[in-house]
Amino acid sequence: MSRLSPQARKWVRGGVDYGPLAVFLSLQLATHDLIKATAGLVVASAVALIVGFAVERRVAWIPLIAGAAALVFGGLTVVLHDKTFVKIKPTVMNDLFGVVLLGGLVVKKNGLKMVLGDAIALPDAVWRTLSLRYGLFFLALAGLNEAVWRTQSDDTWALFRFPGLLILSVIFSFTQAPLMMKHASPERAEPPAGE
């Protein structure tokens, strides 16, 4: 399975990253039962982690963190029949990412550069600016999730969760592209073997 073409590997990565959320949203809209939708999320997250490992022979950090969080918060939701756990997952995860990025700036460890530094060469000052912006963005997403799940129906929250948060993240990332393009070094790290 690891002999997949680069194009096929990209499709698998997309399925690993977004498949569990697509399953969750589909089940929620079909059943209008957040507990059943969350059970589907838990199963799909476990499958995604296994498929990701089978294809890559490793599990990337971001899918591992997202999958583990889905298993923990989703598992608590299903076992305890309490929808609060799955609803606070985006809050907890976005708060965690925001605090890590902003806290890293305080102790002079740039988490964003550690994750993306091999993909794009930027001056340290730009990495600091991006970390500050992304840290604040993640905290804002956490607050927005709290507002939505506490005031809206389960179906509306599920649509906000996926694709809503994904769309907001893509738009925000596009707004950061000019800064990155202005300061990006023409020298880029070599792509990983097999890409």
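**Exercise 1.** Work out how helix α4 and helix α7 are oriented relative to each other, and what their contact is made of.

*Solution.* Keep in mind that this is a predicted model.
- Step 1: get the geometry. Helix α4 covers residues 84-106 and helix α7 covers residues 154-183; they pack at an angle of about 30°, and their axes sit 12 Å apart.
- Step 2: classify the angle. Angles under 35 degrees count as roughly parallel, so α4 and α7 are roughly parallel to each other.
- Step 3: list who touches whom. On the α4 side we have Val86, Lys87, Lys89 and Pro90, and on the α7 side Asp154, Trp157, Arg161 and Leu165.
- Step 4: sort those residues. The contact of α4 with α7 splits into four nonpolar, four charged and no polar residues.
- Step 5: The crossing of α4 and α7 is left-handed.

**Exercise 2.** Now do the orientation of α4 against helix α6.

*Solution.* 
- Step 1: α6 takes in residues 124-151, and its axis and that of α4 come within 8 Å, crossing at roughly 160°.
- Step 2: anything over 145 counts as roughly antiparallel, so α4 is roughly antiparallel to α6.
- Step 3: this crossing of α4 and α6 is left-handed.
- Step 4: the residues of the α4 and α6 contact come out as 15 nonpolar, seven polar and four charged.

**Exercise 3.** Find out how α1 and α2 lie against each other, and look at the loop between them.

*Solution.* 
- Step 1: the axes of α1 (residues 6-31) and α2 come within 8 Å, with a crossing of roughly 170°.
- Step 2: with the over 145 cut-off again, α1 and α2 are therefore roughly antiparallel to each other.
- Step 3: the contact of α1 with α2 holds 14 nonpolar, six polar and four charged residues.
- Step 4: check the loop. Histidine 32 sits between α1 and α2, and its phi is near 55°, a positive value in a residue that isn't glycine.

**Exercise 4.** Compare the span of α2 with the expected one, then inspect both ends of the helix.

*Solution.* 
- Step 1: α2 (residues 34-56) has 23 residues, and at 1.5 Å a residue you'd expect 33 Å.
- Step 2: from first C-alpha to last, α2 reaches 32 Å, close to that expectation.
- Step 3: just after α2, arginine 57 has a positive phi of about 65°.

**Exercise 5.** Is the peptide bond from phenylalanine 162 to proline 163 cis or trans?

*Solution.* 
- Step 1: read off omega, which is near 25°.
- Step 2: the bond is cis.
- Step 3: Proline 163 belongs to helix α7.

Definitions and conventions. Residues are numbered from 1 along each chain as its sequence is written. This is a predicted model: local features need pLDDT of at least 70, side-chain atom pairs count only at pLDDT 80 or more; totals for chains, interfaces and linings use all residues. Side-chain values use heavy atoms; hydrogens and water are left out. Axes are lines fitted to C-alpha atoms, for helices over the stretch in contact, and angles run from 0 to 180 degrees between N-to-C directions. Helices (H or I, at least four residues) and strands (E, at least two) are DSSP runs, numbered from the N terminus. Angles under 35 degrees count as roughly parallel, over 145 as roughly antiparallel, 65 to 115 as roughly perpendicular and the rest as oblique. A crossing is left-handed if the near helix is turned anticlockwise from the far one by less than a right angle, and right-handed if clockwise. Contact means heavy atoms within 4.5 Å. Ala, Val, Leu, Ile, Met, Phe, Trp, Tyr, Cys and Pro count as nonpolar, Asp, Glu, Lys and Arg as charged, and the others, Gly among them, as polar. The expected span of a helix is 1.5 Å times one less than its number of residues.
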